[in-house]
Amino acid sequence: MSARVLAGPPVAAALLADAAARASRLPALPHLAIVRVGDDPASVSYVRGKARKAGEVGLRSTVHALPGATSQAELLDLIATLNRDDDVNGILVQLPLPAQIAEAAVLHAIDPRKDVDGFHPLNVGELWAGRPALTPCTPAGIMSLLAHYGIPVAGVRAVIVGRSHLVGRPLAALLLNADATVTVAHSRTHDLGAVTRGADLLIAAAGRPALITPEMVKPGATVIDVGINRVLSAAGKGHLVGDVHPEVASVAGALTPVPGGVGPMTVAQLLANTVHAAEMQVQAGAVGELVR
Ligand code: NAD
């Protein structure tokens, strides 16, 4: 038996269609400001992809590309300007930042109401308190994927492998808020397989190719593969693999592919967060009236 494939693109398309419809009901199209510092090729490509997708769903976006030598003070000045600008609804600072800039100082400077990546401590705190918040895009995208495919969450044993601020931790909060029984495993966990075998819902977010092998998976479990790892084939050609060994498909009940699983959810969720931020700003009276 092969696991049911939980494909990301149809779910991302549904999320984007909903975001576009909600955006069209606002008095002005939501505007996302994307800040990039330096010319890291991966960052350049991610930012280009985010801006292109924003345009496709009818959102406005502006890319602020700063030189690699930009100082922390200069970056904080730009963020202060974007915070004050009522025409900007969402602010995203592409990570990583160059070494001379302290990431935390920058993320803490973004107005929490415009924090579409959900990294500001106020949003992190609200999420862990189980209150509405702007939520990191990859974990929120995973929750949308689970809901779309009708995968039960309430009451199930969920194990997350990875405890990063980007994926593992916020996902733990979201699953807990959705009534799962949550365990977070990480690089110091003893006997990882014994922990993962207890999972009805297993999420691999470690960035280690083929870390999760078939004997680590409970038969019939849902397995969400967040990993994106570039590996070289025997022929020397680069390709992307997840954290889950391909043979897990013969044990799991359902599995997300890599690529084409969680990946497409992240950008879709970013744009959904931008629309959500704009709606909240309109409701707070900051940017005019909601048009119905
Ligand atoms: P990270 O390096 O910040 O964190 C990795 C986590 O995995 C750490 O908490 C570490 O303790 C744990 N870990 C590492 N090796 C382990 C092992 N052998 N056993 C158990 N735990 C182990 O990475 P991240 O930013 O959270 O990203 C994780 C993976 O997800 C990467 O492959 C990344 O490319 C991918 N990712 C994908 C998306 C997407 O859109 N699909 C978004 C973000 C990250």
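**Close-up views of a predicted model**

**View 1. Proline 96 lies in the loop between β4 (90-93) and α4 (103-109).** The peptide bond that leads from leucine 95 to proline 96 is cis, with omega near 0°. Helices (H or I, at least four residues) and strands (E, at least two) are DSSP runs, numbered from the N terminus. The model is predicted, so that local features need pLDDT of at least 70 and side-chain atom pairs count only at pLDDT 80 or more, while totals for chains, interfaces and linings use all residues. Residues are numbered from 1 along each chain as its sequence is written, and side-chain values use heavy atoms, with hydrogens and water left out.

View 2. Proline 259 is placed in the loop between β11 and α9 (263-283).

**View 3. Aspartate 179 occupies the loop between α7 (168-177) and β6.** Phi of aspartate 179 is near 75°, a positive value in a residue other than glycine.

**View 4. Six strands form an open sheet in the order β1-β11-β8-β7-β5-β6, with parallel pairing.** Because β1 (4-5) and β6 (181-185) stand at the edges with a single partner strand each, one side of each is left without a neighbour in the sheet. Two strands pair if DSSP finds at least two bridges between them. β1 pairs with strand β11 (residues 254-255) in the parallel sense over 2 bridges, and arginine 4 stands opposite alanine 254 in β11.

**View 5. Strands β2 (residues 31-37) and β3 (residues 60-66) pair in the parallel sense over 7 bridges.** Between β2 and β3 the chain passes through helix α2 (residues 41-56), and this β-α-β crossover is right-handed (with the strands pointing away from the viewer, the path from the first strand over the helix to the second runs clockwise). Histidine 31 stands opposite arginine 60 in β3.

View 6. An N or O atom in the side chain of serine 164 is 2.5 Å from an oxygen atom of the ligand. Serine 187 places a backbone N or O atom 3.0 Å from a ligand oxygen atom. For arginine 208, a polar side-chain atom lies 3.3 Å from a nitrogen atom of the ligand. Polar contacts are pairs of N or O atoms within 3.5 Å. Taken alone the ligand exposes 870 Å², and the protein buries 73% of that (Shrake-Rupley method, 1.4 Å probe).

Key:
A polar contact is a pair of N or O atoms within 3.5 Å; within protein, one must be able to donate a hydrogen and the other to accept it, and residues adjacent in sequence count only if both atoms are side-chain atoms.
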